[in-house]
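Here are my notes for you to read alongside the model. Have the sequence and the 3D view open as you go.

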Amino acid sequence: MSNPNPIEDAKKDNHKQQGGKKKTQDGAGAATGKGELGGADGEGSEPLIGMQSFSVFDLDDGKAEQTITERDNKEKDETDEDRYSGDEYVTVLIFTYVILNSVLASGGLIIGVGPFVDRMVADGYFRNECEPGEDGCGAQYDAINPIFDGGFQIMTWMSFIAGLTLPSIGPRYNATFGLGLLTIGCHILSVAQTEDGVGVWMLGYGLIGGGGNFMYISSFHFVNMFYKRAVPIGALGGVFSVSGLVFMLMNIPGVTIHRFFFAYMWLAIILTILTFVIYPDKPLQNQKRHRLRLPTVKHINCYKACSGLVGKDVLSAALHPRFLWFALLFAWVTMVQVVIAGLVNSLSETKTDDEDKVRIFNEYVYPAVGSSTFLFTPWIGYSIQETGFSIPMFLNLLVTQICVLLCWAPGLASQYVMLIFLNLIQGFAYTMQFAYVQLTYPDALYGPLIAFLIAAQGIIGLIAWPGLSPNPFGATAFTPVLLICLIPTTLLYYIPWQQRKYDNLVTGSKNEGNNKGNSNLHV
């Protein structure tokens, strides 16, 4: 039973705690590194990592101060190693499922747009856009491209909602709901026909991406099962782009759009059931093991879905020029990345007359290179911690412009290089998205500010779709679209210059003991 007077209890334990004070403080700093999940209200929220800590109490008439922890963490002499000992195989097994689940069903699936578009052309969808007897014409590709652009926009706004609902309903229901939407998206694509219009295809594609991100966003708390979390965080953060390789299965002879998505619908149903059983009601904390428990509803609090967005601290941070400038840079470069990604198949058709080379490029090279972002993100994250954000911001804008310029380069070989820079755009942008909020702002603002960044991405993303997809200038008129992407990017070089004065805050927090939870940097 807890002592009814925690302050008196703290006094008695004061000398015992002083011996390990530094260790306790370090643990508390890491514990509150992520703060409360997705909300600033504080009521009923649980920290993602470590112990929950009371405010500092005044002891002995204000002369002594001692931070005390909750009574359910009262075994202070227990080492971290002991706390995480036992059930290692179960922990690894559970996390292996989370990784596999993310590879097979995260929103990264829709990044594999190359094989998807090529399979649609091979199956004859939207062939009516071509002249009689002509297959794979520019007009056919132009009719199909909006499926990815619009689907990505749907995924973006669904991800925004997922971040708000996670603290309200918990990982189990959030992830299960998302996989249910993914299942519906697969069913739509398995039965859709050309006559249904591009909007139906776009909806199905977007539900796959958005539903997958509901699950993916709900999975990061599983890293708290481990004593050392850097490797699990890196592994889970990198599998998003790996998901894009799954659509390469459409290249197997005999596989059609209908057969692929019909089979994937049943796989999604199986994953939905397993996720409902394995994922917990509440995010995992710094605990000894993860136990499978029956689902409950007592933790559901719908108020949290919106309370985190209207708090005074959240609005103050979100409306500050520093955050607004970064939001503009992030939203713009990701919009350019979506536009170029949607044009890759059409661009390859204009670079060579060799149909076999074009097919290999679209079906194998594009998804393989375009899904290798995880090769770059560790270096990007390291550079942020060492130098701050101004240099990565500058490089993000630079690789964006190089990528656009390479779209004009002659020959299909140039597009191989273009894909590398397309990948770098994504790597810089999404690494900075999480790192900027984690290293710059108080932990309680993490969820709401990520939601604001996704909202900015969705708003600017309207330029990609419906603005530039389908191409309003003509199926093969790429120059106007590329100029729209290229010229405004030059104006954004002011943002990394403006960021320089804040870089010492980022690198300084690293050197002062990781009080902001730098070890949780998503790279």
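**Notes on the model**

1. Let's start with the rings: there are 26 aromatic pairs here, counting rings of Phe, Tyr and Trp (its six-membered ring) whose centres lie within 6.5 Å. Take Phe 260 and Phe 261: their ring centres are 5.0 Å apart and their planes meet at 85°, so this pair is edge-to-face (planes over 60 degrees apart count as edge-to-face, under 30 as stacked and the rest as tilted). Both Phe 260 and Phe 261 are buried, meaning under 20% relative accessible area, with exposed being over 50% and partly exposed in between (1.4 Å probe, protein chains only). You'll also find one aromatic cluster made of Phe 323, Phe 326, Phe 330, Phe 389, Tyr 430, Tyr 436 and Tyr 441.

2. A word on what you're looking at: this is a predicted model, where local features need pLDDT of at least 70 and side-chain atom pairs count only at pLDDT 80 or more, while totals for chains, interfaces and linings use all residues. Residues are numbered from 1 along each chain as its sequence is written, and side-chain values use heavy atoms, leaving out hydrogens and water.

3. Now the whole chain. It has 21 helices and two strands (DSSP runs numbered from the N terminus: H or I of at least four residues for helices, E of at least two for strands). Of its 523 residues, 53% count as buried.

4. How do α6 and α7 pack? Helix α6 (residues 113-122) and α7 sit at an angle of about 130°, with their axes 10 Å apart; the axes are lines fitted to C-alpha atoms over the stretch in contact, and angles run from 0 to 180 degrees between N-to-C directions. The two helices are therefore oblique to each other (under 35 degrees is roughly parallel, over 145 roughly antiparallel, 65 to 115 roughly perpendicular, and the rest oblique).

5. Is Arg 172 buried or exposed? Arg 172 is buried, with a relative accessible area of 2%. Beyond its neighbours within four places in sequence, Arg 172 touches several residues, including Phe 276, Tyr 279, Asp 281 and Arg 293.

6. Gly 163 and Phe 214 are 51 residues apart in sequence and 7.9 Å apart in space, C-alpha to C-alpha.

Notes:
Contact = heavy atoms within 4.5 Å.
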